[in-house]
Structure formats: structure tokens, C-alpha cells
Amino acid sequence: MNSTSLLVFDVLLLVSILSLAWASLATRDARNSVILFMAFGLVLAVAWSRLMAPDVALAEAAIGSGLSGALLLAAVYRSRGQQPAAQQQSTGEHNTSAATVAARWAVTLLSAAVAGVLAWALLHASGSAPHDTLPLAIAANLDASGVSNPVTAVLLNFRAYDTLLELAVLLTAVLGIFALGPAAAGYRPAGPVFAGLTRWLVPLLILAAGYLLWAGAHAPGGAFQAGATLAAAGVVLRLAGRQHIGLPAGGTLRVLIAAGAGVFLTVGLVLFMTGRPFLGYPTAWAGTLILLIESAAMLAIAATLVLAFVGGRPQAAGTPAHTAGAKPVPGNPGKE
């Protein structure tokens, strides 16, 4: 593509991102807002690809759009099912008084002003500093990182503290999910078309997750992308009406989720006790240790995302939903 075509594409991409963002915030219907948000995430993934950041594009498409959209849609249906009938009919009715309209415009203009100031600061900062300092530093130390993918090298080696804290945040989120109690009842059993689709789609998602984990050392991929893809398999099984979707129950699940940050922390402490810096991998073992950490992180991320979708603690296999305390969502024909 020539420069003119790329410029037109970039302009259309920018307009699409801004339009979808505005539409998702401006619509009064929660379900339509979530659908627009998912479209926004997909277009944003294209933008990240255009910026030569395929790792971020994969994470945006899988987590930012797909799984986040599924979580938001589930939340919308559950909140609608818990509302009284009269309140459901009045949903979407908003006060349109002059004061409300003025407040909306004031917030919009203030947000635009803040965005303009931030854009000016970003342009000023990028124009007054060299642009190749970080890439040169990464390239100079890439051989000692244990991987050939610069993104994985940054996330799992050069700035491993950040990734460890991200896994700790996910672990904290699981505590909130467990506080919600047992998971809600699953969806109705899928029809023959969706059931047949599930039989070959779920194994493909599992294989794709394994490939993304392995390829993360030298190509776009890694634990977060692999974990989101593996979680998608669990979401598909849940949508197909499966009450038990492969998640263990009890202590096994807790160990699996804690292993994400636990293995990371254990590796760092062992290295520290042997006289090396915390998470300062030996060059000869860096690749193996990163793969070990990413494998545990992938399973923890996948379990956390699936738990967020089902909305509570999973029950042991063979436990009926009604005896486990799970209640069907009223008012939602897609629920049992």
C-alpha cells in the first residue's frame, strides 16, 4: 500500500474508534452499549496491529473485546433479571431536563479539554526526547533475556516486577469472585448446531492456547494471550449449557489460581537466596524459567477469567445446581 492509501486507512480507523467509543457511551440501552464496546475493542485491535504491536492486538481482541464483552453481557442479563417488571419497562428512561442536558455537555467539553491537554503533553514529550533509546536498550540485552521476542523479554525479564503485580491483582480479583458465593446456574443445553460446533471449537481453542504460550518466546503470544484463549474454551462450554466446564473445585482450584503469582514469586525468592537479584535469571536458565512462569500464569489467568464469567465458586462435578445454592436468573429466557 502506498502512503496515500495508508493515510486514508489511518483516518478511517481513527474515525471508527472515536465514533464507536462515543456511541457506546451515548446509547441508553445497556445491551447495545456492550455490543458497541465489543466492536470498539475489535477496531482497537486493528489499530494496535497497525502500530506494529501484535501482542497488544491479540490481548485486546481476546480480553478487551471478547471476554470483557461476554462478562458485561452476562452482567446486563443478570441485572435485568433481578429488576422488578415495572423497573425493567422504565429502563432507558432518563431525565432530559435542561439542567441534565447542560451537565452532560459540561462533562463532554471538560473531557475534550482534558484529552486535548494530554495529547499536547504527549506530542511535546515525544518531540523533545529521543525515540530509539528503549528499543536500542532492549536489542542490546535481548540475547541475555532467554527469549527472542522483545515483548516477552520486557514483560517476563526486564520488567518482571510489573507482571508479578498484575498476577497479584488477578489473585485479589478471585477473592472478590469467591465472596459472591456459588456460581449461578448454567445456560440451557445447546441445540444440535451449537453443540456440534462446540465439539471441534473447544479442542481448537485449547491447541491455540498451547501454541500461543510456546510461541511467545519468539513471536507474538505469551501467557496472557494464551490464558484468554484457554478461558474462551470454558466460556464456550458454559454457553453450550455445560454446568461443569473443566474447572476443578475446592483446594485444587485455589492452588491453580495461586500458582500464577506463586510460581513467579518462588522463582524470584530462590534466585535471591542463591545470591542473584530477585527475578534476575541466569542467562543459561532464563528461557526455561520464563516458560515455567508463563505456564503457571496461563492456567491462573484462564481460571480467573472463567470464574469471572460464571460469577462465583464452581461446584464439584455431580453437584446439582439447585443444591449448590445457584439460582436461575429470572426473566432471562437463555437461563435455566
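## Thr 152 and its contacts

The side chain of Thr 152 comes to 2.5 Å from the backbone oxygen of Gly 216 in this predicted model. A polar contact also links the Thr 152 side chain to that of Asn 149, at 3.1 Å (N or O atoms within 3.5 Å; within protein, one must be able to donate a hydrogen and the other to accept it, and residues adjacent in sequence count only if both atoms are side-chain atoms).

Thr 152 sits in helix H7, residues 150-158 (a DSSP run of H or I, at least four residues, numbered from the N terminus). Thr 152 is buried, at 4% relative accessible area (buried means under 20%, with a 1.4 Å probe and protein chains only). Leaving aside residues up to four places away in sequence, Thr 152 touches Val 147, Asn 157, Gly 216, Gly 221, Ile 290 and Glu 294 (heavy atoms within 4.5 Å).

## Confidence and conventions

Mean pLDDT for the protein chain is 81, with 85% of residues at 70 or more (pLDDT is the predictor's confidence in each residue, from 0 to 100). Over residues 321-336 the pLDDT is below 50, although this stretch has 35 contacts in the model beyond near neighbours in sequence. Where pLDDT is low, the predicted coordinates should not be read in detail.

Residues are numbered from 1 along each chain as its sequence is written, and side-chain values use heavy atoms, leaving out hydrogens and water. As this is a predicted model, local features need pLDDT of at least 70 and side-chain atom pairs count only at pLDDT 80 or more, while totals for chains, interfaces and linings use all residues.

Terms used
Helices (H or I, at least four residues) and strands (E, at least two) are DSSP runs, numbered from the N terminus. Buried means under 20% relative accessible area, exposed over 50%, partly exposed in between (1.4 Å probe, protein chains only).
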